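Please look over the model below before reading on. My points follow, numbered.

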Amino acid sequence: MIKFLLMVNKQGQTRLSKYYEQVDIEKRPSLETDVVKRCLSRKKEECSFVEYKDFRLVYRQYAALFIVVGISDTENELSIYELVHNFVEVLDKYFSRVVSSIMFNLDKVHIIIDEIIQNGHIVETNKNRILAPLLALDKMAEAH
Amino acid sequence: MPAVSKGDGMRGLAVFISDIRNCKSKEAEIKRINKELANIRSKFKGDKALDGYSKKKYVCKLLFIFLLGHDIDFGHMEAVNLLSSNKYTEKQIGYLFISVLVNSNSELIRLINNAIKNDLSSRNPTFMCLALHCIANVGSREMAEAFAGEIPRILVAGDTMDSVKQSAALCLLRLYKASPDLVLMGEWTSRVVHLLNDQHMGVVTAAISLITCLSSKNPDEFKTCVSLAVSRLSRIVSSASTDLQDYTYYFVPAPWLSCKLLRLLQCYPPPEDGAVKGRLVECLETILNKAQEPPKSKKVQHSNAKNAILFEAISLIIHYDSEPNLLVRACNQLGQFLQHRETNLRYLALESMCTLASSEFSHEAVKTHIETVINALKTERDVSVRQRAADLLYAMCDRSNAKQIVAEMLSYLETADYSIREEMVLKVAILAEKYAVDYSWYVDTILNLIRIAGDYVSEEVWYRVIQIVINRDDVQGYAAKTVFEALQAPACHENMVKVGGYILGEFGNLIAGDPRSSPLVQFNLLHSKFHLCSVPTRALLLSAYIKFINLFPETKATIQEVLRSDSQIRNSDVELQQRAVEYLKLSSIASTDVLATVLEEMPPFPERESSILAKLKKKKGPGAVTVELEDGKERGELNGGGDRGGDAAIAASNASTPSPSADLLGLRSTAPVSGTTPSAGSLLVDVFSEAGPSATSAGVNDDGFLSSAPPTVASEDPAPPLPESDELLNKFVCKNNGVLFENQLLQIGIKSEYRQNLGRMYLFYGNKTSVQFVSFNTTVSCPGELQSQLNVQTKTVEPLVEGGAQVQQVINIECLTDFIDAPLLNIKFRYGGALQNISLKLPVTINKFFQPTEMAAADFFQRWKQLSQPQQEAQKIFKASHGMDTEVLKAKLLGLGTALLENVDPNPENYVCAGVIQTKAQQVGCLLRLEPNAQAQMYRLTLRSSKDTVSQRVCDLLAEQF
């Protein structure tokens, strides 16, 4: 199961976090700092999977943006690694410039994530279907 | 929060947010917020009915205020009202508020549930999804009660939209995880399983998460999913990369779905149906073949997706562990990855190979990659990859390559990362012991360990080397010589001084013949280190000195002088001071004989499983070692180091105990079991002071036996075991003492004690008649397999048993590995000329070697989960054959030998226990859960352990007890 997904910038600031397992709000910042520190300190040639406490981190870097996913041992690391890429490609398809756009459209990023992952499980991987609700919303907003 | 865009702009909200952002101080912010709260409150209370837009705006503001960290105590009603709006955005904000701020206000819950119900039946897919997400987000019991019945219907209905089905599947999964008792699949099971056949891949992707969870909990009910999953997988695997259109990712058809299907299959053993199995093997072969094909794209995404499936397929092959051909192919494939330029692949390959190494079919194939793995250990730039390489070396180690692997690990230790040194040290120590053919190699290895990584050598490691040296006299001389040489180094680690001090104190005499290591040289060498050491080490050295006085009288004067010096006898540390004073006194008062007795060589330690292993398990968790559970307390026995030695020393100097045994390390020696031999002729049951009532009940039972089987069997061969012997055996599963057997002539009582993997049993044969038994002879035998599993030793008894007298027989038992059968006891004697020949089963059952393990709830459930493979579990559901009294149940569970864990199971009616079965070969961790159902007078007993035979046996034994 997927435990959480974080989007972090190079300075280690969390840009977006999504938890699928109950973590107290007070504990999230320290968890995020710790998780991010581990991933940011790794070099390019090091492997993208990190053992962390009783679970694993899978991370992937896109320019100044890091995406970190915490998973239990029932998930397949490589498939999560590519899920991240699939997600980024969806963002890419929707926003013209991902890194700066997501900051100003976090709500839409949330909608996209919700279409891909629900309750910690992969629910949809088809890019067109992932974007369908968002495009429908945009249409509604325009029609208003 | 919705974007502030042209059409849907909530200008008021935007203004409010920017106001807050512009606040210069916390006080200003609070002031602004209070003003806004007052405003919203008045709007909500006002006479004028608010329109949907305003309600949405104000509820949004409340949400924002709440997210800033302020309490919100109103607005719930307005949010609930929004739920019934027909506008998507209003409904959405309503649900968002409910999801974030719901409380158990019953009045409100009813209204919310109503709104959800309406949306669920609205046939508007967007609304249905919103409602399902809300149920999943809240996931409360009330919600589950209200909707757990409805959602499966939505999930399987033919006219439900695909996106709604996806949400319904995951919503149901959430409810099932939160309140499994409320989600009753029953009639829906088959239709849910058939979602695997759904045309829509997204629906399959979502449903498979649900099915995997349900299958792992109720494998039998869902087992039809295996064939469906196989056929689905087969269709995907054999499809062309364009067939699945949008579900194809970089030319790989549906990689995520394939992984999930393969993962689902890992909940089950290999399919029994030949056709299904054939199809699955074909799929797995295709996946392996594809790995060899040229890539369809140069993009890393393509190979990653392909390899994700490949690794999952290999996991399944390892899980089945039954297809040698596939296992070897998997191993070869992983072997290729070991040299791949992608770090991720090397990492995963090393990890996967680690599990492959434990399969008998592929162990040899894994071993062929040893050079590559060693190379990885030396050259990988990423510490986590190196660590995997070390794990794999550990896993692939056996007698044939132990020396090479240990040598490589030792040399790696010199440069190893600090974070993994301790673990490496433990692993080297374990391998060195496990595969030591000659113990001098073992001693060398451990001393090297201390030299290279002394700081990381824990007490367990150096205790263990001492234990082994003491128990094996063939290595003592070598050990003395080696430590002596090691201590020559100008700077040696304190652990080396400890080992050196102990070993020279015991066996320094073995090298004293050489003038280069004469007693005085040895002493001076040790003493040169003394001042650099910590207090516990100094204490140990002082004990070594007094042993020197005994071993080498010529050193007495020198050592006494040292002891007498102010720095010892007036040492500010009480322990050191006391030792100095007492040893000095002891050496000057006691005669040589007394001294020789007091300071005698240490007796051998009882053989037992290495405590290092327990330590490694503790560090690493299961998986890294073959045994799954550690006993946190085991090291307690070996603990104590120098300080306990003080007690022994004091005892020695006071000469108050008859056998002070100079317990240098405070290690427990093989003290004889303190069984009191009752005087002959006394009433037999007196022996079993705590077994009064049970002894009588046994007696009652034996009357029945007498009528059914005549006591005379006229054959010299051991009789076959009595038909009742299994029943008699069962009586002793949860107790150690009592009457095993009784007839008109003979009564046999048992008293037994177990510790670690050793047991001692006292059998008392009582002659109930007034006439003597002649040619009385008893034999204990281990039939069949048991011979290699139990080591049973006993002495013969006197052939004559006087009338009314009782003879005692001691049986020593060593458990080598887990076993099922019980040893047979045959008793033959002549009574008035007639040969009596009786065979019984000795009540030695596997649970006797349990060591209780205390653990907290979190640990328990974590381990419980780790032991989730079907074969690790044994379960029985049976009717209560005795009363279900709590105290009796507890007593029985404690009698089993496990620790009864309180406050672990969420249901207070249930019992959970944990223990480790100690055998010479390994330790087997066992977890137990007993769920009584008083109403139905039934029990459900579940056993999980790292070894299937153990789970089954303990389950069988215990099921007879209630």
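**Notes on the two-chain model**

1. Helix α26 (residues 476-486) of chain B packs against helix α27 (residues 494-507) of chain B at an angle of about 135 degrees, their axes 9 Å apart. That angle makes α26(B) oblique to α27(B). Angles under 35 degrees count as roughly parallel, over 145 as roughly antiparallel, 65 to 115 as roughly perpendicular, and the rest as oblique. Axes are lines fitted to C-alpha atoms, for helices over the stretch in contact, and angles run from 0 to 180 degrees between N-to-C directions. Helices (H or I, at least four residues) and strands (E, at least two) are DSSP runs, numbered from the N terminus.

2. A word on the basis. This is a predicted model: local features need pLDDT of at least 70, side-chain atom pairs count only at pLDDT 80 or more, and totals for chains, interfaces and linings use all residues. Residues are numbered from 1 along each chain as its sequence is written, chains are lettered from A and ligands numbered from 1 in the order in which they are written, and side-chain values use heavy atoms, leaving out hydrogens and water.

3. α26(B) passes α27(B) in a left-handed crossing (the near helix is turned anticlockwise from the far one by less than a right angle; clockwise would be right-handed). From α26(B), B:Q476, B:A479, B:A480, B:V483 and B:A486 take part; they meet B:M496, B:V499, B:G500, B:I503, B:L504 and B:F507 in α27(B). Contact means heavy atoms within 4.5 Å. By class, the residues of this contact are nine nonpolar, two polar and no charged. Ala, Val, Leu, Ile, Met, Phe, Trp, Tyr, Cys and Pro count as nonpolar, Asp, Glu, Lys and Arg as charged, and the others, Gly among them, as polar.

4. α27(B) also packs on helix α29 (residues 535-551) of chain B, at about 20 degrees and with axes 8 Å apart. This makes α27(B) roughly parallel to α29(B). The crossing is left-handed. α27(B) contributes residues including B:V497, B:G501 and B:L504, and α29(B) residues including B:L540, B:A544 and B:F548. The contact of α27(B) with α29(B) has eight nonpolar, three polar and four charged residues.

5. Now chain A. Its open sheet has five strands in the order β2-β1-β5-β4-β3, with antiparallel pairing. Two strands pair if DSSP finds at least two bridges between them. β2 (14-19) and β3 of chain A are the edge strands, each pairing on one side only. Neighbouring strands are turned by 20 degrees against each other on average, direction ignored.

6. Strand β3 (residues 49-52) and strand β4 (residues 55-62) of chain A pair in the antiparallel sense over four bridges. A:V50 has A:L57 as its bridge partner, and A:Y52 has A:F55. The two strands form a hairpin with two residues between them; in the turn, A:K53 has a positive phi of about 45 degrees.

7. Which helices lie across this sheet? Helix α1 (residues 28-40) of chain A lies across β1, β2, β3, β4 and β5, at about 70 degrees to β1(A). Helix α4 (residues 106-116) of chain A lies across β1 and β2, at about 35 degrees to β2(A).

8. Finally, the interface. 38 residues of chain A are in contact with 51 residues of chain B. The area buried between the chains is about 3700 Å², with carbon and sulfur atoms giving 50%. Buried area is the accessible area (1.4 Å probe) that two parts lose on being put together, summed over both.
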